[in-house]
4 protein chains.
Amino acid sequence: MVRLVEDQQVGPVDPEPADVVKVAVVGYGYWGPNLVRNFFEAPGSTVSAVCDLDQGRLAAVCKRYPTIAPVTEYREALRDPAIDAVAIATPVSTHYRLAKEALEAGKHVWVEKPLTMSYPEAQRLTELAERKKRVLMVDHVFVYTGAVQRIRTSIDGAELGTVLYYDSVRVNLGLLQHDVNVIWDLGVHDFSIVDYLLPQRPVAVSSVGARHINGGSESIAYVTLHFQENLIAHFHLNWLAPVKIRLTTVCGSRRMVVYDDTIPSEKVRIYDRGVTVNGSLEDRTRLLVEYRSGDMYAPKLEQTEALQAAARHFASCIVEGSRPRTDGEAGARIVALAEAAQRSLANGGGLQRVEW
Amino acid sequence: MVRLVEDQQVGPVDPEPADVVKVAVVGYGYWGPNLVRNFFEAPGSTVSAVCDLDQGRLAAVCKRYPTIAPVTEYREALRDPAIDAVAIATPVSTHYRLAKEALEAGKHVWVEKPLTMSYPEAQRLTELAERKKRVLMVDHVFVYTGAVQRIRTSIDGAELGTVLYYDSVRVNLGLLQHDVNVIWDLGVHDFSIVDYLLPQRPVAVSSVGARHINGGSESIAYVTLHFQENLIAHFHLNWLAPVKIRLTTVCGSRRMVVYDDTIPSEKVRIYDRGVTVNGSLEDRTRLLVEYRSGDMYAPKLEQTEALQAAARHFASCIVEGSRPRTDGEAGARIVALAEAAQRSLANGGGLQRVEW
Amino acid sequence: MVRLVEDQQVGPVDPEPADVVKVAVVGYGYWGPNLVRNFFEAPGSTVSAVCDLDQGRLAAVCKRYPTIAPVTEYREALRDPAIDAVAIATPVSTHYRLAKEALEAGKHVWVEKPLTMSYPEAQRLTELAERKKRVLMVDHVFVYTGAVQRIRTSIDGAELGTVLYYDSVRVNLGLLQHDVNVIWDLGVHDFSIVDYLLPQRPVAVSSVGARHINGGSESIAYVTLHFQENLIAHFHLNWLAPVKIRLTTVCGSRRMVVYDDTIPSEKVRIYDRGVTVNGSLEDRTRLLVEYRSGDMYAPKLEQTEALQAAARHFASCIVEGSRPRTDGEAGARIVALAEAAQRSLANGGGLQRVEW
Amino acid sequence: MVRLVEDQQVGPVDPEPADVVKVAVVGYGYWGPNLVRNFFEAPGSTVSAVCDLDQGRLAAVCKRYPTIAPVTEYREALRDPAIDAVAIATPVSTHYRLAKEALEAGKHVWVEKPLTMSYPEAQRLTELAERKKRVLMVDHVFVYTGAVQRIRTSIDGAELGTVLYYDSVRVNLGLLQHDVNVIWDLGVHDFSIVDYLLPQRPVAVSSVGARHINGGSESIAYVTLHFQENLIAHFHLNWLAPVKIRLTTVCGSRRMVVYDDTIPSEKVRIYDRGVTVNGSLEDRTRLLVEYRSGDMYAPKLEQTEALQAAARHFASCIVEGSRPRTDGEAGARIVALAEAAQRSLANGGGLQRVEW
């Protein structure tokens, strides 16, 4: 037999210290394995249990992580006092019920995006978390990227000047979903980024789209958020594109940012470009429009994997009792935008006021 | 003195043969010099006169092309029987009047895009050309590129299958115009390409946009053309973008085309990608959506400069008495789309039926 | 306590079937974790033990894979009859000794590239494996990529015609190594690809390079392999480049292949381009050289992760008693090339015959 | 007849002022038309005559520029006192004779690269220009690009630190030449850039290459310039590549520059990347090599077309009696490098000292 190194050194893993958050991951389908890996590796958390109805998936997680308890009955996980938090990675239609039960059981809750299928549900979860003094965090993972953090710095610090428009293209071939359309899938990412980046809130939403599969939902949609003072944010969302594109432009009066998430480095590029207008506003024919074209600059970005940063943020909010960057209210706003876009789709693309 | 080679060989340029079309170019501003160069170099045409109100511009053309007559009075050019055709490269608001006078004077007419500022004007020009039996051609130059020709072949020959959507991004920093907004400038290119490529005609248009310069027109607009049977074509048009993009996707049920006009070669790429749906339409939960991801193929394209191809096409239509690919009717349809988009902009983005 | 699902279903992992190859991975530094993951996930193999002198690393592997036995004494692993094969991922200078001991102990052996530090050592291992009837495979991982497989098909099937030259750029910032220079690190990848792709064997090697760190080895080198009949293969190898490039060109008389390993899809592009020469060879001034520029084509590639494909290949060679694609002889040839390049470096770049 | 605008305004072109340099362009083949256009458009020069043996080419230039005198007898141009300067764009083998005659006739001389076929010839021209007090300038056109100017500023101003290596790839499909190989064609561009950028002079050259057309010269070559103190500059030169690449890396101890001449903007990118070495030089195993990876920065570049900048520089050197940036001495050094590379090719790639 192979000689094991002495047990006290590498043997049974040390019991986790008291301030390590013990997480039960619920749903081990497409995204669940990423949650397990990240909560497992984050210094402030560990995964105690995985809950799924599918025995094959539970067997897979056990083979890979024998210390994790496989669970089929969600409520048993909720009853286990050793579990501090629940991370919900199940189909969207189940989010509300599962999160509500977990909060009522006194657990902290992490929910995959979107938070719920409706704004009132999202509000009720937010209020429940408030009442129960528990952390409710939505996994709007792009908010935790070095790229989005850096763009926020540019906007806050006036590097960009006034934001003139926001444009994003998020398209690829794939993963058509049955229960939601492309707005509820891809669009929610963009809504959460805009919600985080811009100080203003949109007042209305319009959207056009098309269905390409009989009986399916929209696989392509163009959504516009309308803000006060002429600002618009536009999104091209598409599950049926030949080439993957993740390209966001934030145009400011001083500088313009291009964020390309498909390239490995220099994802954020800041262009010293713009327009300067001279001349009298009364006399349009004498308007002198000058283009400024200066340097381009790609700042070094924080490299931590976004999901890892989010997992750490969740654990630290629990330990410190603080509010997550993407809390229930943010999650609810994003749901409100998706609902308004959905209504606009159904109404031929007309403007829909956001209800909040 | 330098000895000239013998006159009969290279000396005074031979008088043009009878079937060479003699063109007067009207307007020697931004685009006029390109017209002069191309009509000058095309085997079937030459430039006899350039007409402009600005003496400095006329001096410039004379220094460069001493055989071209400089003209300040447009009507004198129209009265000159040696001039066969007039090419109009003046501000859009003057197109209708100048083209009308030229057709009435019996000249063939080339007009820069867009043909006119209104659909009725465009129709009247079309009828006038018909009555006068003269060629009326609009310079929708992209229709004459090897790229657009190749995509048309793909659509006609069923390589793509049914077109599912059309998406185009035409953005750059620059050249804000005073008399028209970005739809009438950049959008008209895309409308003409779609008009040429697709057999269907759009039934309605919607559009959102924003103005960024006091007293100016929209520098950014998103326009959607709505066709029968769930087909949409969407355009991002933008004069205020940090990076130049010219990227068109035509998604078909069999294959998908990406046309990137900013790269020097392999501008058109045809992807053998798509979605196959199996299963009963009644039972959405059992829909089996499969992604197909096959080869990519970039066909060799015809390399002739598009404006040169268009200039030759114009001359050959005159000589053969045939109808140009981008005739007055096509020009009128494009104007109708721009008008509808403009109305939608003014109406908060609601659907506007195309009036034709 | 959380209720475990019933033991008979997901509980103690089934003992591996008899024909699953049990691997001990030796060295859990930079590459070892990739070997563990891949032998663990490959259907034909599993990892029974990991051997490393560093307790921290062993603790890490145990936390992640509690079923793997941590080992500090290499020879104990060799004595364990339950272990079928050893995968060596230790510093290059130790490869020969560790592989030799493993073969002598009757184990099948996987060695990270390069096989050894010298050609005679590599030959001795090859002979020993032959004598012991054990599989000896070198992890020349690029040979197992879909890209290299597809290029090989192009060459074998005469799609490319006669190979005229081979050019590769493999540069990035990083991972300067102490015990070997950039030829023994990056260059070995390219040598193994060329060795696999081309039917010919190089007859000589030349190389120039430079050292940039005091006391360090060459961080940049340019190596040329010289074949019969005017064919050359050239490599730019560089640890000190600002941007990562992995770009290989194989120019054939009929078509040319470009293989860009840094892009996510269309990694291999086949260009129908070339030169056709007409005219008499005696009269150079009348040589008519014509460029052919046709379509470009990017075939769909096999997507399996290369290391996974290699791990499966190793297991299947053991089970079937067959010879790996990158066997000891291939590994020895690559070492011979690296040695010759090293000699050329030391001799001012002069040609060095390959000794085999 | 079309009414001409009044003669005194745009009519007969004003006689050129006295300090406008009158140029005779010799050779109207591939490059000559570019020279004519640029000397014609540059404010300090004009083209009085074009000299070519081919009547068709002379007819072409006369059609395009009716004010230019066509000339077949070179010596007549040299005898014409109204001609100040001669621009030689004929095959390389004729450069020496034509430039010598022009200098002896008292003309200023512009010569396309390379200056001559041999170093002694280049030296003799340099001495002759000196003696005759005439400007001798070689059209090393890349030296006049905004990109190369900006990189020179980086090197001079210590932004890059010590240059560690220089690497360039200049490959494309095309234009195999009969009288020279790829070193004398493409390589000469790179030699002139390095000659301009680096303060040091190379001490030796090595080169390998291959011929691919019967009776032709090398269509691919790899050339290395060897400097003092471990600095090397390496060039991949290739007429038989499927894709055009123009990519230069200048790696400094503080920053690294990448210059990509095939992209329309941000051609020069400066990376704040590198390696920092800590630890004792005696103990290699304890060397701590750290990678620095900071921001990237793409400075705005001067946009003037390089040939236009060179044409202006030539005229201004003539008027001011100053020495051109790419004078006869620079031209001679570049010829010396090409000769040394050629000798190395013929000698199996061995080092050749540069003879100067």
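Which strands of chain A does helix α9 (residues 306-320) lie across, and at about what angle does the helix run to β6(A)? In this predicted model, helix α9 of chain A lies across β1 (21-26), β2 (45-51), β4 (85-88), β5 and β6 of chain A, and its direction is at about 175° to that of β6(A). The strands in question belong to an open sheet of six strands in chain A, for which the order is β3-β2-β1-β4-β5-β6 and the pairing is parallel. The edges of this sheet are formed by β3 (69-71) and β6 (136-139) of chain A, each of which pairs on one side only, and the twist from one strand to the next averages 25°.

The corresponding region of chain B can be described strand by strand. Strand β5 (residues 108-112) of chain B has five of its five residues buried, and it is therefore largely enclosed by the rest of the structure. This cover extends to both faces of the strand, with His108(B), Trp110(B) and Glu112(B) buried on one side and Val109(B) and Val111(B) buried on the other. Strand β4 (residues 85-88) of chain B runs parallel to β5(B) and is joined to it by four bridges, and the bridge partner of Ala87(B) in β5(B) is Trp110(B). In the loop between β5 and α6 of chain B lies Pro114(B), and the peptide bond that joins Lys113(B) to Pro114(B) is cis, with omega about -10°.

A cis peptide bond is also assigned in chain C, from Lys113(C) to Pro114(C), where omega is near -10°; Pro114(C) is placed in the loop between β5 and α6 (119-132) of chain C. Helix α9 (residues 306-320) of chain C comprises 15 residues, which at 1.5 Å a residue should span 21 Å, and the end C-alpha atoms are 21 Å apart, in agreement with that expectation. The buried residues of α9(C) are Ala306(C), Leu307(C), Ala310(C), Ala311(C), His313(C), Phe314(C), Ala315(C) and Ile318(C). Among the elements of chain C that cover these residues are β1 (21-26), α2 (32-41), β2 (45-51), β4 (85-88), β5 (108-112) and β6 (136-139). The helix is followed by Gly321(C), for which phi is positive, near 65°.

Antiparallel pairing is found elsewhere in chain C, where strand β11 (residues 240-252) is joined to β12(C) by five bridges. The two strands form a hairpin, connected through three residues, and Leu247(C) has Asp260(C) in β12(C) as its bridge partner. Strand β12 (residues 256-260) of chain C is mostly covered, four of its five residues being buried.

The largest nonpolar core contains 467 residues, of which Val25(A), Val25(B), Val25(C) and Val25(D) touch the most other members. For Val25(D), when residues up to four places away in sequence are not counted, the residues touched are Gly32(D), Leu35(D), Val36(D), Phe39(D), Val47(D), Val50(D), Ala87(D) and Ala89(D).

Positive phi values also occur outside glycine. Ala158(A), which is not a glycine, has a positive phi of about 70° and lies in the loop between α7 (146-156) and β7 (163-173) of chain A. Ala158(A) has 12 C-beta neighbours inside 10 Å and so counts as exposed, given that the limit for an exposed residue is 12 or fewer. In chain B, phi of Ala158(B) is near 70°, a positive value in a residue other than glycine, and the residue is found in the loop between α7 (146-156) and β7 (163-173) of chain B. Ala158(B) likewise counts as exposed, because 12 C-beta neighbours lie inside 10 Å.

Terms used. Residues numbered from 1 in each chain as written. Chains lettered and ligands numbered in written order. Predicted model: local features only at pLDDT ≥ 70, side-chain atom pairs only at ≥ 80, totals over all residues. Buried ≥ 20, exposed ≤ 12 C-beta atoms within 10 Å, placed from the backbone. Pairing = 2+ DSSP bridges. Expected span 1.5 Å × (residues − 1). Contact = placed C-beta atoms within 7 Å. Core = buried A, V, L, I, M, F, W, Y, C linked by C-beta atoms within 7 Å. Axes fitted to C-alpha atoms, helices over the stretch in contact; angles between N-to-C directions.
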